[in-house]
Amino acid sequence: MKIGFIGLGDIGEPIASHLAKEPFELTVWNRTSSKADEFARNHQARVAATPADAVRDAAVVITCLPSSAEVEAVLHGDNGILEAIRKGSVLIDCTSGDPPTSRSIAAELGGRGVEFIDAPVSGGTAGAKSGTLTVMWGGDTTVFERVRPVIEAFGKKIVHAGPVGSGDALKAVNNALLAVHILSAAEGLAILAKAGVDPKVALDVINASSGRSNTSENLIPQRVITRAFPRTFRLALLEKDIGIASVLSEDLGAKTPLIALTAERFHEAREKLGERADHVEVVKIVEEENGVEIK
Ligand code: NDP
């Protein structure tokens, strides 16, 4: 099965690595071409010169870009996907996108006989490397069945969320919860540090108690206490996800002040820490505001 893959970023690159083998025939395109060349040196894949060239012969096209805006750009740009995508093919968008844009892309592709599913992932770069991502997809079941082997090559828990856009909605809310967890854990540990309780002792108790979360069990011990702060998932992308959840909430008339406040805090953090900062680095802002270090 011929696959065209667009976007070899932090999560796209390890996803693509699972598709660079039989029974797949992989062609990759990346905006910064050196990354695609490097990928082809290490994997069985052809490098395309343009998005159009990457999808021309493909039965399945995968996009994995920062947001739906970039998906729109590679669809409509010069030498974009739309110029060359084959009737009867399926576009799987692994971007954590936004539901309205995914629905409009699906409608546009549908008019050309191309199917679309939104299929954002969770599990981080570690899950992508081990091929054990959770995939939450939106779209038609008959379309999914045609591409199931492709998604199973990198996903372990694969869940149908509903019609097109539902995968994006679920992903945005999941990540809004992640953002709330990071900020709340950092604030709680800042209080305790000020109160003279060692953060490691505090985590030992919290992680055996009802206040625990993936943030307290994994992110803070592995990334904050160690001061390692590895860059695996950009804060800018998490800020984008909470923004999607906030807009969705507003559109639906839901009352979600905690998510709104978290969106505001991450927006400020993005401005302060920049586009390359990792999502967990928001903890540094809480530390600075409170004059403590969580270590
Ligand atoms: P990165 O920022 O690491 O990579 C983004 C990719 O998109 C790169 O290949 C980049 O190309 C390309 N790109 C950016 N802008 C454009 C553009 N205008 N036109 C064409 N290509 C462009 O992001 P991730 O790989 O981390 O994330 C991809 C998606 O997956 C996001 O929606 C993110 O929210 C989601 N995600 C990420 C996770 C993670 O742990 N990193 C976990 C789960 C979901 P170039 O190399 O030239 O910059």
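**Ligand site and backbone details**

Author: In this predicted model, a backbone N or O atom of Asp10 lies 2.9 Å from an oxygen atom of the ligand.

Reader: Which other backbone atom lies 3.3 Å from a ligand oxygen?

Author: A backbone N or O atom of Gly9.

Reader: And where does a polar side-chain atom of Arg31 lie?

Author: That atom of Arg31 is 2.9 Å from an oxygen atom of the ligand. The ligand taken alone exposes 900 Å², and the protein buries 89% of that.

Reader: Which elements give two or more residues to the shell around the ligand?

Author: These are α4 (68-76), α6 (124-130) and α11 (235-251). The space the ligand takes is the largest pocket.

Reader: Which residues come nearest to the ligand?

Author: Of the 27 around it, Asp10, Asn30, Thr32, Lys35 and Pro66. By type, the shell divides into 10 nonpolar, 10 polar and seven charged residues.

Reader: Backbone next. Is the peptide bond from Glu22 to Pro23 cis or trans?

Author: The bond is cis, with omega near 5°. Pro23 is in the loop between α1 (12-17) and β2 (25-29).

Reader: What about Asn79, is phi positive or negative?

Author: Positive, near 55°, and Asn79 is not a glycine. Asn79 is in the loop between α4 and β5 (90-93).

Reader: Why mention either one?

Author: Because most residues other than glycine have a negative phi, and most peptide bonds are trans.

How values were computed: Residues numbered from 1 in each chain as written. Predicted model: local features only at pLDDT ≥ 70, side-chain atom pairs only at ≥ 80, totals over all residues. Heavy atoms only, no water. Near = heavy atom within 4 Å. Polar contact = N/O pair within 3.5 Å; in protein donor to acceptor, adjacent residues only side chain to side chain. Areas by Shrake-Rupley, 256 points an atom, 1.4 Å probe, with all protein chains shown as cover. 1 Å grid on protein atoms, 1.4 Å probe; cavity = no way out; pocket = protein on both sides within 12 Å on 5 of 7 lines; lining within 4 Å. Sits in = over half its atoms within 2 Å of the grid points. Helix = DSSP H or I, 4+ residues; strand = E, 2+ residues; numbered from the N terminus. Nonpolar A, V, L, I, M, F, W, Y, C, P; charged D, E, K, R; others polar.
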